[in-house]
Amino acid sequence: MSDFWRHALLNAKVTAVATPDDMAILRQIGSMANNLNQLAKKANEAGFKLVEWSLKGLSKEIKTLYTRLSYDWRHN
């Protein structure tokens with residue numbers, strides 16, 4: 001068992017989970033998710049029609065950012 005772990009530790013290939021560009025895009029999407037939460041709260045308080053235009057714009061931005069993620073991120 002120790003031979004297995006020694007070999008694994010010495011020969012393991014470390015692969016990044018996401019590229020720096022992917023991480024930047026994911027941070028942007030995270031901040032937009034916060035905006036969505038705030039808009040949902042406003043919609044519940046004041047009615048959906050008042051925030052509909054903001055939701056549509058934010059949805060387009062998120063879709064655009066998603067398409068910029070690397071192939072690996074989008075397909076795993």
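Buried means under 20% relative accessible area, exposed means over 50%, and partly exposed is in between, with a 1.4 Å probe and protein chains only. This is a predicted model, in which local features need pLDDT of at least 70, side-chain atom pairs count only at pLDDT 80 or more, and totals for chains, interfaces and linings use all residues. Residues are numbered from 1 along each chain as its sequence is written, and side-chain values use heavy atoms, with hydrogens and water left out.

**Stop 1: helix α1**

Select Asp-3, which lies in helix α1; helices (H or I, at least four residues) and strands (E, at least two) are DSSP runs numbered from the N terminus. Asp-3 counts as exposed, at 56% relative accessibility. Which contact do the side chains of Asp-3 and Arg-6 make? They meet in a salt bridge, 2.7 Å from N to O. The term requires a side-chain nitrogen of Lys or Arg within 4 Å of a carboxyl oxygen of Asp or Glu, and by this rule the count comes to 1 salt bridge. Asp-3 and Arg-6 are separated by about one helical turn because they are 3 residues apart in helix α1. An α-helix has 3.6 residues a turn, so residues three or four places apart point the same way.

Rings of Phe, Tyr and Trp (its six-membered ring) pair if their centres lie within 6.5 Å; planes under 30 degrees apart count as stacked, over 60 as edge-to-face and the rest as tilted. The count by this rule is 1 aromatic pair. The ring centres of Phe-4 and Trp-5 are 5.1 Å apart and the planes are at 75°, so the pair is edge-to-face.

**Stop 2: helix α2**

Select residues 20-46. Helix α2 has 27 residues and reaches 39 Å from its first C-alpha to its last, close to the 39 Å expected at 1.5 Å a residue; the expected span is 1.5 Å times one less than the number of residues. Asp-22, Ile-25, Met-32, Leu-39 and Ala-43 are buried in α2. Asn-44, by contrast, counts as exposed at 71% relative accessibility. From the C-alpha of Asn-44 to that of Asp-21, 23 residues away along the chain, the separation is 35 Å. After α2 comes Gly-47, with a positive phi near 110°.

**Stop 3: the nonpolar core**

Which residues make up the largest nonpolar core? Select Ile-25, Met-32, Leu-39, Ala-43, Val-51, Leu-58, Leu-65 and Leu-69, the 8 residues of this core. A nonpolar core is a set of buried Ala, Val, Leu, Ile, Met, Phe, Trp, Tyr and Cys residues joined through side-chain atoms within 4.5 Å. Helices α2 and α3 (52-68) each supply at least two residues of the core, and the largest share, 4 residues, comes from α2.

To finish, span the model from Asp-3 to Val-51: their C-alpha atoms, 48 residues apart along the chain, are separated by 61 Å.
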